[in-house]
Amino acid sequence: MRILGGQRLAGTIVETEAYLGVQDRAAHTFNGRSTARNTSMWGDGGHAYVYFTYGMHYCLNAVAGRPQEPIAVLLRALEPTEGLDAMRARRVTARKDTDLCSGPAKLCQALGVDRALDGTDLVASDDLFVERCRGRAFPAWKIVIGPRVGVAYAREWAEKPLRFHVAGNPHVSR
DNA sequence: CCCGTGATTTAT
DNA sequence: TAAATCACGGGG
């Protein structure tokens, strides 16, 4: 997932949200918005979209559409699997290991992800990438689907079932 | 419940 | 230029 200073920091993705193009009121690309910040969302799938918000937090998305089709998956939580000590050192406020990556900005802090990694090729890069679960794919019946978090302003899009998480996994946010 | 924090966006 | 917003996290 992330190589930082020669060390491997990794986790299994256990929570995501989808952001669907120009019609999705909750998406940064709603109504065709194309700005310096969201450029990566308009690019090819398989690349990172990292944005900065609330004056202190970064969030990481995997862009999932074709060029000019701004669809992305927000990575909301990981179950840490490698480099836990380094993650604990980066996440000074985390009191338990389930606090390490249980939120979109927490996981970025744990892995040392910031805007410098915006646009990273998540398939080919050596420092930030996604790989298939090795022997640990979750069956569909373990995936809970529901409304997204923190998008109340998005009116009819606020309630759409676009959040996905592993049932009962303690590393999920909220 | 409330607050920090500042880049980004949107309204003038 | 100025004001409002915000795909959040931490503390009480």
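Of the 174 residues of chain A, 45% count as buried, where buried denotes under 20% relative accessible area with a 1.4 Å probe and protein chains only. The model is predicted, so local features need pLDDT of at least 70 and side-chain atom pairs count only at pLDDT 80 or more, whereas totals for chains, interfaces and linings use all residues. Residues are numbered from 1 along each chain as its sequence is written, chains are lettered from A and ligands numbered from 1 in the order in which they are written, and side-chain values use heavy atoms, with hydrogens and water left out.

Chain A contains 2 helices and 7 strands, taken as DSSP runs (H or I of at least four residues for helices, E of at least two for strands) and numbered from the N terminus. Along the sequence their order is β-β-β-β-β-α-α-β-β. The radius of gyration of chain A, 15 Å, agrees with the value near 16 Å that a compact globule of 174 residues would have; this radius is taken over C-alpha atoms, and the globule rule is 2.2 Å times the number of residues to the power 0.38. Among contacts in chain A with a separation of 6 or more, 57% join residues 24 or more positions apart, a contact being heavy atoms within 4.5 Å.

The description now turns to DNA strand C. An N or O atom in the side chain of Asn61 is 2.7 Å from a base nitrogen of DNA strand C, and for the side chain of Tyr51 the corresponding distance to a base nitrogen is 3.5 Å. Arg76 instead places a polar side-chain atom 3.3 Å from a phosphate oxygen of DNA strand C. Two or more residues of the surface near this strand come from each of β3 (48-53), β4 (57-63), β5 (71-82) and α2 (104-111).

Around DNA strand B lie Arg33, Thr35, Arg37, Phe52, Thr53, Tyr54, Gly55, Met56 and His57. The side chain of Arg33 has an N or O atom 3.3 Å from a phosphate oxygen of DNA strand B. Of the atoms of DNA strand B within 4 Å of the protein, 62% belong to sugar or phosphate and the rest to bases.

Notes
Polar contact = N/O pair within 3.5 Å; in protein donor to acceptor, adjacent residues only side chain to side chain. Buried < 20%, exposed > 50% of the residue type's maximum accessible area, 1.4 Å probe, protein only. Near = heavy atom within 4 Å.
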